[in-house]
Amino acid sequence: MSALFNFHSFLTVVLLGICTCTYLKMQFPAVLEKRTGFQGVFWKAARIGERLSPWVAVGCFTMGVSIIFF
């Protein structure tokens with residue numbers, strides 16, 4: 001089943017994308033400089049990870065627990 005049709009998988013992909021983009025922006029800032037176009041989506045995901053990091057961390061923890069136990 002595709003991640004687009006399963007809500008649980010879709011949330012996992014979104015959270016992992018946000019975390020990955022934030023990590024890449026912290027390690028290699030030049031990679032995510034463009035704010036428009038297709039690369040702008042990754043810049044926005046990195047911005048969400050930077051500004052909402054406590055909520056993203058709670059989401060990742062909750063997702064991890066739900067994957068392990070449910």
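The buried residues of α3 pack against α1 and α2. Buried here means under 20% relative accessible area, exposed means over 50%, and partly exposed lies in between (1.4 Å probe, protein chains only). The model is predicted: local features need pLDDT of at least 70, side-chain atom pairs count only at pLDDT 80 or more, and totals for chains, interfaces and linings use all residues. Residues are numbered from 1 along each chain as its sequence is written, and side-chain values use heavy atoms, with hydrogens and water left out.

Start with the whole chain. Its secondary structure comes to 3 helices and 0 strands. From the N terminus on, the elements run α-α-α. Helices (H or I, at least four residues) and strands (E, at least two) are DSSP runs, numbered from the N terminus. The C-alpha atoms fill a box of roughly 40 × 25 × 15 Å, taken along the principal axes. Of the 70 residues in the protein chain, buried ones make up 21%. The accessible surface comes to about 5,500 Å², and 73% of it belongs to carbon and sulfur atoms. Such areas come from the Shrake-Rupley method with a 1.4 Å probe; for residues, only the protein chains shown count as cover.

Contact means heavy atoms within 4.5 Å. Among contacts between residues at least 6 apart in sequence, 55% join residues at least 24 apart.

Now return to α3. This helix has 17 residues and reaches 24 Å from its first C-alpha to its last, close to the 24 Å expected at 1.5 Å a residue. The expected span is 1.5 Å times one less than the number of residues. The buried residues of α3 are V56, M63 and S66. They cover an arc of only 95 degrees around the axis, which puts them on the same side of α3. The arc is that of the directions from the helix axis to the C-beta atoms. The face turned away from this buried side carries the exposed residues P54, F61, I68 and F69.

Next comes α2, residues 37-51. This helix has 15 residues and reaches 21 Å from first C-alpha to last, close to the 21 Å expected. Its buried residues are G40, W43, A45, A46 and G49. What covers them includes α1 (7-27) and α3 (53-69).

Leaving aside its neighbours within four places in sequence, L32 is in contact with C21, K25, F42, W43 and A46.

A salt bridge is a side-chain nitrogen of Lys or Arg within 4 Å of a carboxyl oxygen of Asp or Glu. The count comes to 2 salt bridges. K25 forms one with E50, the closest N and O atoms being 3.7 Å apart. This pair links distant parts of the chain: K25 is in α1, E50 is in α2, and they stand 25 residues apart. K25 counts as buried because its relative accessibility is 15%. E50, at 26%, counts as partly exposed. The side chains of E50 and R47 also meet in a salt bridge (3.7 Å, N to O). E50 and R47 are 3 residues apart in α2, so about one helical turn separates them. R47 counts as partly exposed, at 23% relative accessibility. Salt bridges that share partners join K25, R47 and E50 into one network.
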